[in-house]
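Subject: Structure for you to look at

Hello,

Here is the structure I said I would pass on. Please open it beside this message and follow along as you read.

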Amino acid sequence: AQERYSSIRDLPAQAKCGTVVQLHMNAGLMADLPSLNSSGAEGVGLFRTELQFLIRNQMPRRAELAAIYARVMDAAGGKRVVFRTLDIGSDKVLPYMKPQDEPNPALGWRAIRVGLDKPGVMRMQLQALIRAASGRPLTIMFPFVAQFDEYREARAFVEGELHREARLGHPLPEKIEIGAMLETPSLAFAPRQFFEMTDFISIGGNDLKQFFFAADRENERVRRRYDTLNVSYLSFIEQIVNRCNETGTPVSFCGEDAGRPVEALCFAAMGLRQLSMRPASIGPVKNLLRRVDLREAKAVIDEARASGIQSVRKPVKEWLQTQD
Ligand code: PEP
Ligand code: MG
């Protein structure tokens with residue numbers, strides 16, 4: 001399927017209106033890295049580090065992780081890699097960490113909540129990332145931030161580890177970016193200072209959508225009930241983009257929906273300029289984006305929203321049929 005899109009692989013995802021949307025890929029294993037070149041992705045917009053923890057039966061050591069992260073950066077050959085810190089809990093349970101007995105794991109002790117409450121593992125991972133970067137740029141992203149202070153605390157941990165590494169005489173990253181995933185509706189309403197402090201924000205649509213509609217992402221029966229192109233959800237995405245734009249905070253979208261061409265088009269029409277998706281989706285998404293004028297797409301969506309319709313999918317698809 002990738003061959004079908006090979007003719008546009010090295011071209012930008014530039015819409016007819018001239019707007020360019022950056023397409024990055026999601027990864028989690030070393031084996032994913034060759035796709036960076038074959039797909040034409042501009043970087044790794046989401047590297048899910050928990051996979052390295054999930055495939056083992058004991059906690060990986062710092063040196064082991066540092067070696068893996070360094071190899072990932074080597075393989076990326078200077079392209080940006082966004083390392084998401086350990087995102088466990090909910091559906092991802094580590095065999096060697098006693099699972100908590102929780103009535104509602106998706107709303108439970110997971111991701112950054114674990115990292116902040118038991119910082120040993122998080123600090124070890126941050127040290128591994130800093131050592132792997134050693135003189136190169138480093139990008140770290142914290143999952144499941146629900147309120148400003150969680151980001152502030154997590155950021156302080158990174159700063160603490162940078163100081164520690166400097167004291168130990170280790171080389172520091174050339175520069176460092178520290179981002180937050182927006183996966184709970186609460187964070188969209190965080191104070192302006194949050195948006196000013198974060199180096200970038202990435203919308204985790206898989207979780208965000210489940211919490212927006214209160215519909216379990218693992219439960220087909222309720223999940224399918226709510227269209228990603230539902231006007232409420234799209235308007236919410238648009239509001240998030242607007243808040244980020246007010247403070248000049250770069251914003252991307254890295255949930256699975258970004259890899260669906262019609263969804264990706266609607267996100268771009270809502271103002272998103274960076275999307276991260278599975279490598280096989282880059283070709284199809286780019287192909288569609290290059291065929292359309294995003295201002296026209298926005299007008300179609302606005303008209304549909306004003307009409308009181310529930311989802312813009314049908315009008316957008318009808319409009320697409322009229323495009324060459
Ligand atoms: C998301 O929630 O959209 C996301 C990218 O994280 P994950 O799917 O790993 O929870
Ligand atoms: Mg998530």
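Below are notes on the ligand site, the helix packing and some single residues.

This is a predicted model, in which local features need pLDDT of at least 70, side-chain atom pairs count only at pLDDT 80 or more, and totals for chains, interfaces and linings use all residues. Residues are numbered from 1 along each chain as its sequence is written, while chains are lettered from A and ligands numbered from 1 in the order in which they are written.

The ligand site

The residues around ligand 1 are L46, R48, D87, E183, G204, G205, N206, D207, C254 and G255. A residue is near a molecule if its C-beta atom, placed from the backbone, lies within 6 Å of it. Sorted by class, this shell holds two nonpolar, four polar and four charged residues. Here Ala, Val, Leu, Ile, Met, Phe, Trp, Tyr, Cys and Pro count as nonpolar, Asp, Glu, Lys and Arg as charged, and the others, Gly among them, as polar.

Strand 3 (43–48) and helix 9 (205–212) each give at least two residues to the shell. Helix 9 has the largest share, with three residues. Helices (H or I, at least four residues) and strands (E, at least two) are DSSP runs, numbered from the N terminus.

Helix 9 and what follows

Which residues of helix 9 are buried? They are G205, D207, L208, K209 and Q210. A residue is buried if 20 or more other C-beta atoms lie within 10 Å of its own, exposed if 12 or fewer, and partly exposed in between, with C-beta atoms placed from the backbone. The cover over the buried residues of helix 9 includes strand 5, strand 6 (176–182), strand 7 (200–203), helix 11 (231–246) and strand 8 (251–253).

Just after helix 9 comes A214, with a positive phi of about 55°, although A214 is not a glycine. A214 sits in the loop between helix 9 and helix 10 (220–223). A214 counts as exposed because it has 8 C-beta neighbours inside 10 Å.

F144 also has a positive phi without being a glycine, with a value near 60°. F144 belongs to strand 5 (residues 138–145). Is F144 buried or exposed? F144 is buried, because 23 other C-beta atoms lie within 10 Å.

Two helix pairs

Helix 3 (residues 62–76) packs against helix 5 (residues 119–133) at an angle of about 45°, and their axes are 8 Å apart. Helix 3 is therefore oblique to helix 5. Axes are lines fitted to C-alpha atoms, for helices over the stretch in contact, and angles run from 0 to 180 degrees between N-to-C directions. Angles under 35 degrees count as roughly parallel, over 145 as roughly antiparallel, 65 to 115 as roughly perpendicular and the rest as oblique.

The crossing of helix 3 and helix 5 is right-handed. A crossing is left-handed if the near helix is turned anticlockwise from the far one by less than a right angle, and right-handed if clockwise. On helix 3 the contact uses R62, L65, A66, Y69, A70 and M73, and on helix 5 it uses M124, Q125, Q127, A128, L129, R131, A132 and A133. Two residues are in contact if their C-beta atoms, placed from the backbone, lie within 7 Å. Ten residues of this contact are nonpolar, two polar and two charged.

The other pair is helix 14 (residues 294–306) and helix 15 (residues 313–321), whose axes come within 9 Å and cross at roughly 145°. This crossing is right-handed. A297, V300, I301 and A304 of helix 14 meet P315, V316 and W319 of helix 15. The contact of helix 14 with helix 15 has seven nonpolar, no polar and no charged residues.

Two loop residues

K92 lies in the loop between strand 4 (80–84) and helix 4 (112–117). K92 counts as partly exposed because it has 16 C-beta neighbours inside 10 Å. Apart from its neighbours within four places in sequence, K92 is in contact with E50, L54 and D87. D87 is also one of the residues around ligand 1.

R136 is in the loop between helix 5 and strand 5. With 16 C-beta neighbours inside 10 Å, R136 is partly exposed. Its contacts, leaving aside neighbours within four places in sequence, are M73, P173 and E174.

Regards
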